[in-house]
Amino acid sequence: MAATTTVKVHRRKTPSAARRDETIAETRERLEAAVSLAKSALPRRKQLIAVKVRDTAAPEQTAPAGPEAGPHGKGDPSAAQARGSETSPHIVVGPAGSIPPTPASRPAADLLNPIRPATSRPFSTADGAFQADPLITARARRGSYALDAPSWRSFRSYVTDRSAFDELRAVGLAATMRSHRNLALVMAAVGLTVLLAVAVVGAYLMLAPATADADSPYATADVAELVSTPASQWKAGEIPSLYQSDPAWGSLAYGQTTMANAGGAPTALAMAYVAVTGRDDKTPADFAQWGTEHDLTASGTDTVQALLTKAAADFGLALNTIDADDHSLRRAIVSNIPVLIVTEPDTFSPVASVVVLDDIDRDSRIVLHDPTSAARTNKSWAFNDITDAAIAAYEVHAA
């Protein structure tokens with residue numbers, strides 16, 4: 001018959017089981033220590049004094065004549081002392097090292113059981129009682145933590161107390177928050193803070209302007225100062241280079257911001273106005289003022305197109321809509337007609353903006369004027385870069 005082998009499999013304890021075993025072991029050790037201490041105190045209790053009470057308020061009486069009477073008829077003093085010793089309250093102290101006298105104000109039952117159980121409010125050690133066990137005291141106070149007076153120290157002690165986590169694991173978060181009001185307030189404050197942070201980040205992502213990708217043809221870096229063409233050089237048939245951040249008007253209010261931040265459309269319209277009329281009586285500041293008065297300063301594409309078409313009529317210009325394709329753009333440019341291109345956000349500008357097409361160079365690339373960037377103004381552009389960024393295109397004529 002084949003031999004059989006028995007293999008014992010030892011299962012590894014979980015952390016919670018290990019903590020429970022440690023707690024049980026600590027409790028058992030404390031109980032054994034208390035029993036040993038009680039047994040050692042038993043012989044001392046046998047050395048307690050016998051309390052004899054005498055009615056001290058009773059008047060001294062003359063002892064009757066008899067065998068105990070002394071020579072003066074008042075009795076034997078030794079006998080009187082013997083009788084008095086039966087009623088006089090006194091304490092006979094045992095040998096050195098015995099339990100100290102117990103105050104008369106303490107109940108007589110305490111003399112028979114001087115060992116007090118550990119409680120959350122221990123008796124004074126002056127009365128001979130034991131101090132409360134620190135572990136039991138900590139667990140008994142779980143319902144009344146120092147978190148009632150919120151502070152960083154009390155909160156830290158609360159969250160680092162293992163018994164608090166045991167309570168949380170046993171009854172759940174909702175019940176724990178109901179029993180600890182300040183914990184509920186802290187959790188509510190943390191939740192509101194998180195919601196506020198999410199709202200701020202969401203608002204920033206929705207409202208903050210986007211930027212062109214680093215490898216985008218529209219991404220450039222302006223390292224030189226933006227200097228507009230002086231008004232003395234403005235003439236008909238030539239489109240001047242004007243920039244929205246020019247110190248002459250860049251700090252002027254434009255809607256909720258300034259010309260330097262969002263004044264691309266009025267600046268581009270001013271460039272087309274100079275090229276068509278040859279006059280220098282209107283600057284980007286005048287077109288921005290018109291947009292502010294007519295509440296057309298938002299950076300949305302519809303608002304930008306409305307500003308161009310409506311303001312042009314008031315300034316003696318006429319805008320004709322054309323297709324934003326290679327053929328239409330090339331025909332307008334070679335006819336020396338300024339062309340306004342409304343651009344998509346995140347191309348020439350983080351928001352919708354306007355550029356003015358000026359010429360075609362020898363490489364069949366477009367020359368333009370960008371009111372937001374001198375680098376893009378000095379650069380030639382492929383037709384598909386312009387058509388890809390275009391939302392709308394307008395030819396500018398005199399009215």
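The legends below describe several close-up views of one predicted model.

Residues are numbered from 1 along each chain as its sequence is written, and side-chain values use heavy atoms, with hydrogens and water left out. Because this is a predicted model, local features need pLDDT of at least 70 and side-chain atom pairs count only at pLDDT 80 or more, whereas totals for chains, interfaces and linings use all residues.

**View 1. Confidence across the protein.** The mean pLDDT (the predictor's confidence in each residue, from 0 to 100) is 75, and 62% of the residues reach 70 or more. Confidence is lowest in helix α2 (residues 77–85), with a mean of 47, and highest in strand β4 (residues 339–343), at 95; helices (H or I, at least four residues) and strands (E, at least two) are DSSP runs, numbered from the N terminus. Over residues 77–99 the pLDDT is below 50, and this stretch has 31 contacts (heavy atoms within 4.5 Å) beyond near neighbours in sequence. Where pLDDT is low, the predicted coordinates should not be read in detail.

View 2. Arginine 30 and glutamate 26 both lie in helix α1 (residues 15–45), four residues apart, which is about one turn of the helix. Their side chains meet in a salt bridge at 4.0 Å, N to O, the term being used for a side-chain nitrogen of Lys or Arg within 4 Å of a carboxyl oxygen of Asp or Glu. Arginine 30 is partly exposed, with a relative accessible area of 38%, and glutamate 26 is also partly exposed, at 35%; buried means under 20% relative accessible area, exposed over 50%, and partly exposed in between (1.4 Å probe, protein chains only).

**View 3. A salt bridge between buried residues.** The side chains of aspartate 370 and arginine 376 meet in a salt bridge, at 2.7 Å from N to O. Aspartate 370 counts as buried because its relative accessibility is 0%, and arginine 376 counts as buried because its value is 9%.

**View 4. Helix α12 and the glycine that follows.** The buried residues of α12 include Val304, Leu307 and Ala311, and the helix is followed by glycine 316, whose phi is positive, near 80 degrees.
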